[in-house]
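This report concerns domain arrangement, chain contacts and nonpolar cores. The structure under discussion is shown below.

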Amino acid sequence: MIYWLLFQKSFLRNMQYRLAHLINNAASAIFGFVFMAVWVGVLTGKESGSPYSIQDMVHYIGTGQVFLWLTVFLTAGLNIQNGVRSGAITMELARPVHYFSYVTVQEAGRIAYNLLFRSIPIALVYVLTVGFYVPENAVSLLYIFISAILAIFISLNLTYLVGISSIWTTEISWAHFVLITLLFGFGGQLVPIDLLPKPIYSIVALTPFPCVLYYPVMMYLEKAAPHVLLIQASWAAALTMISFWVTNIARSKIEIQGG
Amino acid sequence: MITATNLNKHFKVYETKKGMMGSLASLFSAKHTLVKAVDDISFSIGEGEFVGYIGPNGAGKSTTIKMLSGILHPTSGSVAVGGLSPQKNRKDNARRIGIVFGQRTQLWWDLPLRDSFEILKAMYKVNDKDYNSFLKLYDDMLDIGKFIETPVRKLSLGQRMRGDLAAAMIHNPDVLFLDEPTIGLDVVAKTGIRAFLKELNENEKKTVLLTTHDMDDIEQLCRRVIVINHGRIILDGTLEEMRETIGLPSIMEVQYTSKPEVAAAAPLGLERLQWEDSKVIIHYDRSILSAPQLLKEVSSWGEPVDIQMKEPDIEDIIQKIY
Amino acid sequence: MKLYFILISGSLKSRMQYKMNFIFSMVSYGMIMAVDFIMLAAILRRFDDVKGWDLYEVGLLYSISSIAISLYRVIGAEVHDFERYMVNGEFDSLLIRPVSPLFLLLTRNIDLSRIGGAIQGLIIIAISVAGLMKTGKATLLLIAYLPVAVLTGLIICFAVGVLTAALAFWTEKIKDFQTFTLYAPFTAANYPMNIYPGLLKIIFFTVIPVAFMNYVPVMYLLQKGGEWWYLITPAAVAGVFLTFSLIMWHIGIKHYHSTGS
């Protein structure tokens, strides 16, 4: 099947660079250490006033660094903008495959690669140094899996939307930066969003961004109730509909212009 | 003006591996092959000469030019431009040479041509009087004025090359290195560039070293030719001397309605035939056998439907020298 | 210096051809830093301090470090992007000019959109100084020293940037190194050095001396310890480090002369 083939090809393409990526993992782990050190510094002597212990926060940051490579660090705009710039998008939209699936499946291949060659090695670094959380409950594994898949799916949609916007704006690097920032900040990369001041928290909770990092991480740490899966699923459904809708608009715009 | 004495440039070509670790590893690895890009070359070019420097890709032409301009340092031997070593006096040397790389523009892509000139004027510390006479002179010679306010990215290839040539002359250098200045240009543009280079050499007395793949450039511009192959000079002489050695190699492709019958007695000057079914590729020496004569001959072989004249590859010429 | 401005105005003009893009990227770079700092503020609002440094004190460290790296990205845009010159062979075209290649690099492009990050940093400095004034910790000396700290920070950052770029003469690609030499250390320098374990601390005081641009002088200025010469060492460290990186850069060019193709 064509989608499986695209998935594999993308996985193998990334394999060529695994040595460079392994080095990069060390840097990624160091970033994690920096943020862990911040939390240790903040919480030392103040654990009683905090919903999370130092140990919790070390696990939280560590798990976050691992999930970043699955759900946040996607290819900018899924490279849709390159096709727009070169005009190849006209061809790609005309192919007998669904365009949304065509681009997202390739990215999924890269994510599968990231799991093996980035996330797991980074997790190993933490296992050997500061400790890494292991879920205790067998049922949690199922929840974690579903939550991660939904998070990836939501992130793919958001990145897809950034990419396809290039049909109107041609340049998306700034939009990509904004998305990454929102995913970091509202996704709880440094601060679990429930620790944010109430008004900010209530706004953040209404956006899809916590679904990408915060919920799956909390699910992994067995600190989230199963009902967050419903929140994630609703966002996934809503964003998919938006993506399809925008794709149709893009298609008709390109057909009218003839590329 | 330009001398090269027992010039050598050897490169170690390492087995490169991908990624950062790979490049780190290759830093320390001893696995490499030695490539002699320039292998014991000596020549001397006098003031006002116009020399063609030719050879196949990878023969060492660009490497020589890079050593003459101070970009690369010789492995051994030496070069001098106007008595100065480009290695020891890179900046002084830069002031007295002009360089044009046909494949890569030196102009500021998004800016009007005039802005590129003004930036270079500041970089080479050209005074206003010299700059104004430069503008006037090159407007006359290259018709720059027509597109001087146009951003470089909007210029045609021919206009851009004219801009690049003028930019290389802004500090009025005595020596000009031209690396494939006519590459990719159409016939009209090439003719214009050649006329300009001829004028530059004859009226302004500039010394020019030109690398090219185009034999017409050589025929029309160079009084002297240096041919190199695999880093070694295999011919250094006047155009006439080269012609005596290799003649005027030319190619004619003739398409026949059916497979032609070639006369047994081939005319003098006809060197080699290549067959592709009913098409014949004829290599001949134009200094002995003229094209009309050959035409008469080939029409006696059969019924030609299409005839094309082609330029010979530099490789063919090299073979004739050996 | 005059030549610098003539050359730089050329590259600015070409940049300005894409105004919208420029404004958007400037805003987004600023926003990244803002969100980052708001998160830090959220933590410290709830937990008061990190190892004895309150929000406004960390704010000083944070803003000095982020202004330094932002300004480096403004003026050193091409130094930062130097691997392109090695990979595409563009470096040759710098060597045919009667001007030093590093100077030419600096003039080829300045990335004004990165000023967004510096503006953000200035806002945080203003907030922090205002906050410290309320508690009486903001002395005149502290305020007067801030520009010096930013300048030493910029020099250290620039030196690290040049040093990393010089690696490209041997390895061609440097993007992977930059994460280690620039991004990670300058992120770490957003926070006080006393939170880090020994090995990291040693690195930030020696190999990549980011601790000197903000932590060392600010510690003394906020009376958290140290001596008066804590204000002098940063400049000395910056000077030594810059000299070292320029030497490495020249060794790199020498290497290129003999091996480049």
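Domain bounds are taken here from an automatic or database domain assignment. The model is a predicted one. Eleven residues from domain 1 of chain B and seven residues from domain 2 of chain B make up the contact between them. On the domain 1 side, β8 (224–229), β9 (232–238) and α9 (239–246) of chain B each give two or more residues.

Chains A and C also meet, through 29 residues from chain A and 26 residues from chain C. Two or more residues on the chain A side come from each of α2 (18–43) and α9 (173–185) of chain A, and α2(A) supplies the largest share, 14 residues.

| Side | Nonpolar | Polar | Charged |
|---|---|---|---|
| Domain 1 of chain B, touching domain 2 of chain B | six residues | four residues | one residue |
| Chain A, touching chain C | 21 residues | six residues | two residues |

In soluble globular proteins, nonpolar side chains tend to be buried together. The largest nonpolar core here has 232 residues, of which A:Trp39, A:Ile154, C:Ala68 and C:Ile156 touch the most other members. Helix α9 (residues 140–171) of chain C contributes the largest share of this core, 18 residues. Domain 1 (2–245) and domain 2 (249–321) of chain B each provide at least three residues to this core. Leaving aside residues up to four places away in sequence, A:Trp39 touches A:Ile54, A:Met57, A:Val58 and A:Ile61. A second, separate core of seven residues includes B:Ile282, B:Tyr284, B:Leu289 and B:Val298.

Methods. Residues numbered from 1 in each chain as written. Chains lettered and ligands numbered in written order. Predicted model: local features only at pLDDT ≥ 70, side-chain atom pairs only at ≥ 80, totals over all residues. Contact = placed C-beta atoms within 7 Å. Helix = DSSP H or I, 4+ residues; strand = E, 2+ residues; numbered from the N terminus. Nonpolar A, V, L, I, M, F, W, Y, C, P; charged D, E, K, R; others polar. Core = buried A, V, L, I, M, F, W, Y, C linked by C-beta atoms within 7 Å. Buried ≥ 20, exposed ≤ 12 C-beta atoms within 10 Å, placed from the backbone.
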